[in-house]
Amino acid sequence: MRVFKAEFVKSAIKPEHYPKLNLPEIAFAGRSNVGKSSLINSLLGRKGLVKVSKSPGKTQALNFFTVNDSLSFVDMPGYGFASVPEKLRQSWGHMVENYLKSRAELQAVIALLDCRRIPNDDDLNLLGWLSEFGIPAIPVFTKIDKIPKTHRLRELKEPKKVLAEVFGGTAPHTVMYSALSGEGKKELWHAISKAAGGGKRSLPPDDVEG
Ligand code: GDP
């Protein structure tokens, strides 16, 4: 995918503030420090479009971007800061759940997992929500350059086993990505393009809380 234009549109928390883009949308989610900003910047071939955030609780909004005027990307705030107070945790959950439930344009969520960590409850909760709302998940192991190719089968065995539990017993295909080397970039773009062709989702009938 040749990215000739990538633009930040706006940050929003509540559904009434989401931009009306009418483009197929792909969201990116993962634990803080999973490599989400680096991955989005690497996909877009831009160095600083998505700011690498260091302080917990600062980026508690959904950040909307457009790509080539034909696709929209949403950077969801990282979850799982150990030090985050319960109140912030709840507002994160509320915002994310509202977004997942109400955004008909959303075609898939790229679920980022650090290849050297076992998926934890926060990761599994997010995957559980996606399945509950019928949103396709595209799981990605980030920072894959940290595991030499010959060790991957062994080192990814346990994370895959844990993932399998939320995917009905079979580990899903997981893209291996390195923002450093560019490994996985072609494959992830392919998965994004495929997911983006899905058309609008039909939403559940229940109301969305503001
Ligand atoms: P975010 O908090 O999820 O947005 O994560 P960042 O993109 O800020 O990355 C967190 C840390 O991981 C930074 O120190 C990055 O340099 C590092 N990092 C991100 N992606 C990669 C990668 O593909 N390979 C390696 N080795 N390090 C990475």
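Q: How many aromatic pairs does a search of the whole structure find?
A: The model is a predicted one. A search of the whole of it returns 7 aromatic pairs.

Q: By what is a pair of aromatic rings described?
A: The description rests on the distance of the centres and the angle of the planes. Here, Phe8 and Phe65 form an edge-to-face pair, with 5.4 Å from centre to centre and 65° between the planes.

Q: Which parts does the pair of Phe8 and Phe65 tie together?
A: Phe8 belongs to strand 1 (residues 6–12) and Phe65 to strand 3 (residues 62–67), so the pair links parts that are 57 residues apart in sequence. Phe8 counts as partly exposed, at 44% relative accessibility, whereas Phe65, at 3%, counts as buried.

Q: Where do Tyr79 and Trp92 lie?
A: These two residues form an edge-to-face pair, 5.3 Å centre to centre with 70° between the planes. Tyr79 is in the loop between strand 4 (71–75) and helix 2 (86–102), and Trp92 is in helix 2, so the pair ties together parts 13 residues apart in sequence. Both Tyr79 and Trp92 are buried.

Q: At what angle do helix 1 and helix 6 pack?
A: An angle between 65 and 115 degrees counts as roughly perpendicular. Helix 1 (residues 36–44) and helix 6 (residues 185–196) pack at about 85°, their axes 11 Å apart, which means that helix 1 is roughly perpendicular to helix 6.

Q: Which residues meet there?
A: Leu39, Ser42, Leu43 and Leu44 of helix 1 meet Lys185, Leu188, Trp189 and Ile192 of helix 6. By class, this contact has 6 nonpolar, 1 polar and 1 charged residues.

Methods:
Residues are numbered from 1 along each chain as its sequence is written. This is a predicted model: local features need pLDDT of at least 70, side-chain atom pairs count only at pLDDT 80 or more; totals for chains, interfaces and linings use all residues. Side-chain values use heavy atoms; hydrogens and water are left out. Axes are lines fitted to C-alpha atoms, for helices over the stretch in contact, and angles run from 0 to 180 degrees between N-to-C directions. Helices (H or I, at least four residues) and strands (E, at least two) are DSSP runs, numbered from the N terminus. Angles under 35 degrees count as roughly parallel, over 145 as roughly antiparallel, 65 to 115 as roughly perpendicular and the rest as oblique. Contact means heavy atoms within 4.5 Å. Ala, Val, Leu, Ile, Met, Phe, Trp, Tyr, Cys and Pro count as nonpolar, Asp, Glu, Lys and Arg as charged, and the others, Gly among them, as polar. Rings of Phe, Tyr and Trp (its six-membered ring) pair if their centres lie within 6.5 Å; planes under 30 degrees apart count as stacked, over 60 as edge-to-face and the rest as tilted. Buried means under 20% relative accessible area, exposed over 50%, partly exposed in between (1.4 Å probe, protein chains only).
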